[in-house]
Amino acid sequence: MQTNSSLRESSATSQMSQRTNSAAPNRLRTWLLLLLVVGVGLTLSFAILGIQWLQEERARLLFIGLDGMNTYLAIGAAALLVAIVVLVRIKPSPKSLALGGMLMFVICFAASNVLRIDGYYGNRTPRITWSWTPRAELEMKSYLASSQRKRVREVAPDIFVATGNDFPELMGTHRRGRIDGVNLNPNWSKHPPTELWRHPVGLGWSSFAIVGCAAVNLEQRDDLECVVCYDVRTGTEIWCHSEQTRFKHEYGDGPRSTPTIRNGRVFSMGATGILTCVELKSGDLVWKQSVFNDPTTENLLFGMTCSPLVVDGLVIVTPGAGNGAAAIAYKMQTGEEVWRSGDDPASYASPTAATICQETQILSFNGAGLRSYALDGTELWLQPWITQGESRVNVAQPIVLGSSDTIPAKDNDQNPSQWTNVLISSGYDKGTALFKVTRAEQRWSSEIVWESKLLKSKLSNVVIFKDSAFGLDNGILTCIDLKDGSRSWKGGRYGHGKVLLIQDKLLILAESGEIVLVEATPNEHRELSRFQALSSKTWNHFALAGDLVLVRNDREAAAFRLESIPRQ
């Protein structure tokens with residue numbers, strides 16, 4: 001009896017224990033279900049907030065501005081995710097974690113000692129080189145001190161005589177990037193370019209202006225910002241004028257603009273806002289001005305890139321130097337200030353002279369958009385065009401369409417003397433626009449004809465041939481139709497290089513330092529020839545004087561002769 005009673009008690013106890021044990025998982029499943037519902041709700045909420053945040057202008061510009069860094073961010077995020085999974089799922093021992101941490105430290109330490117970041121490419125990815133690779137500035141110092149450096153003993157008087165093939169300013173005459181007097185032989189395999197000379201140059205992103213056999217550019221040599229003149233045939237330095245200043249930036253120190261040669265004088269804008277006028281034959285200073293009261297607070301983030309415009313006896317620059325000083329004009333002969341005008345913030349394009357509705361105007365592609373000034377400084381009109389938010393990065397030169405360029409059909413019945421079409425383009429997801437400037441009873445207005453995000457010219461320029469516009473869309477050569485902005489083709493990865501139109505061909509200086517010849521046709525991307533001109537990152541514009549092409553970057557300069565075909 002006692003045994004049976006004990007068995008019954010034991011059974012009852014076991015049943016109660018089972019009920020208790022089964023109740024615990026039920027409660028746990030209930031909590032897990034509640035947590036799952038809450039987790040899904042929170043996840044959806046954060047996802048919605050994230051999507052809303054990405055739609056904000058600042059967030060969108062952040063990711064667009066990161067550009068090529070998105071790849072590195074993705075790699076970093078993937079590495080972090082792998083680390084979390086390893087810690088949570090594999091659960092390595094403290095000893096394994098310590099060994100892994102020591103290994104990563106050794107790898108990072110070794111990498112930091114054998115590699116260095118030597119600037120950045122146009123898509124903001126770092127340019128990584130071996131730590132023992134000589135820096136460009138050291139190479140230039142060594143060259144200046146070497147016995148092999150070429151020096152002029154006596155300057156021939158005809159070296160400064162102008163010719164019909166001069167390239168006297170940024171992107172050539174009228175700053176359109178268009179050369180009409182040369183017909184290049186496209187077969188470089190049978191007729192390869194001939195290298196005339198090559199040597200180191202000072203830091204900077206300037207390019208050459210050429211008159212006669214004299215080529216002038218801006219260079220940084222130690223703490224001196226120099227205007228340097230070379231003989232284009234030999235690379236021999238003729239003279240050097242220097243100013244005590246240095247612009248510093250992680251994307252490269254030194255000057256950014258291209259000198260302008262006019263009437264036997266050279267006009268240059270340094271990166272810190274020093275405007276100089278020197279004699280072309282001697283380099284002697286005629287006059288100088290500083291466009292900023294305080295360059296440390298008034299200058300642009302990437303420095304002054306404005307190449308001086310010489311027109312109607314004036315030297316015009318667009319520094320955006322505070323209220324009433326968006327554009328400033330000086331007398332070409334004396335440097336005396338004539339006028340200053342506008343409140344627009346500056347950007348990175350250079351002023352250009354253009355005929356709009358049969359009237360000469362000064363166009364400034366600044367931080368507010370494309371602004372027009374009369375020759376007396378009067379503000380005429382503004383086409384708003386803000387790129388990259390507060391950064392305001394407009395770089396490409398505006399192009400005024402001429403009578404030979406395509407005109408939208410809806411304008412054909414209007415008087416062309418009362419309206420003019422203008423093309424502008426910017427990077428950072430902004431795109432290209434064609435707009436019409438109209439004058440009616442001396443009142444100016446502008447309206448956009450079409451916009452297209454199929455061509456976004458970030459650091460490069462756009463050229464026009466017949467019915468098409470050609471440019472580098474975030475590093476890829478693209479052709480769009482001028483009638484509506486539609487894409488004709490896209491092909492050829494040339495990075496953030498520069499483009500010149502030579503007759504019916506595109507001469508491209510790629511970011512890699514290659515020179516490429518491409519047919520200017522809307523049918524397809526058709527590359528004709530290429531050769532390696534420079535061996536490292538190249539952001540500088542290049543110059544073509546007749547059959548002679550001059551290139552440079554922040555390390556070296558070189559000259560090549562391209563075979564041309566006689567015009568029939």
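## Aromatic rings

Phe 267 is buried, with a relative accessible area of 0%. Keep in mind that this is a predicted model. Trp 287 is buried as well, at a relative accessible area of 6%; both values fall under the 20% cut-off for that label.

How many aromatic pairs are there? The count comes to 13 aromatic pairs. One of them joins Phe 267 and Trp 287 in a tilted arrangement, 6.3 Å centre to centre with 50° between the planes. This pair links distant parts of the chain, since Phe 267 belongs to strand β10 (residues 265–269) and Trp 287 to strand β12 (residues 285–290), 20 residues apart.

Next come Trp 381 and Phe 435, whose ring planes meet at 70° with centres 6.1 Å apart, so the pair is edge-to-face. Trp 381 lies in strand β20 (residues 379–384) and Phe 435 in strand β23 (residues 431–440), so this contact ties together parts 54 residues apart in sequence. Trp 381 and Phe 435 are both buried.

Ring pairs also build a cluster from Trp 205, Tyr 251, Phe 302, Tyr 348 and Trp 539. Elsewhere, the charged end of Lys 430 sits over the ring of Trp 385. Here are the two lysine contacts for reference:

| Lysine | Ring | Distance to ring centre |
|---|---|---|
| Lys 430 | Trp 385 | 4.6 Å |

How values were computed. Residues are numbered from 1 along each chain as its sequence is written. This is a predicted model: local features need pLDDT of at least 70, side-chain atom pairs count only at pLDDT 80 or more; totals for chains, interfaces and linings use all residues. Side-chain values use heavy atoms; hydrogens and water are left out. Rings of Phe, Tyr and Trp (its six-membered ring) pair if their centres lie within 6.5 Å; planes under 30 degrees apart count as stacked, over 60 as edge-to-face and the rest as tilted. Helices (H or I, at least four residues) and strands (E, at least two) are DSSP runs, numbered from the N terminus. Buried means under 20% relative accessible area, exposed over 50%, partly exposed in between (1.4 Å probe, protein chains only). A charge sits over a ring if NZ of Lys or CZ of Arg is within 6 Å of the ring centre and within 35 degrees of the ring normal.
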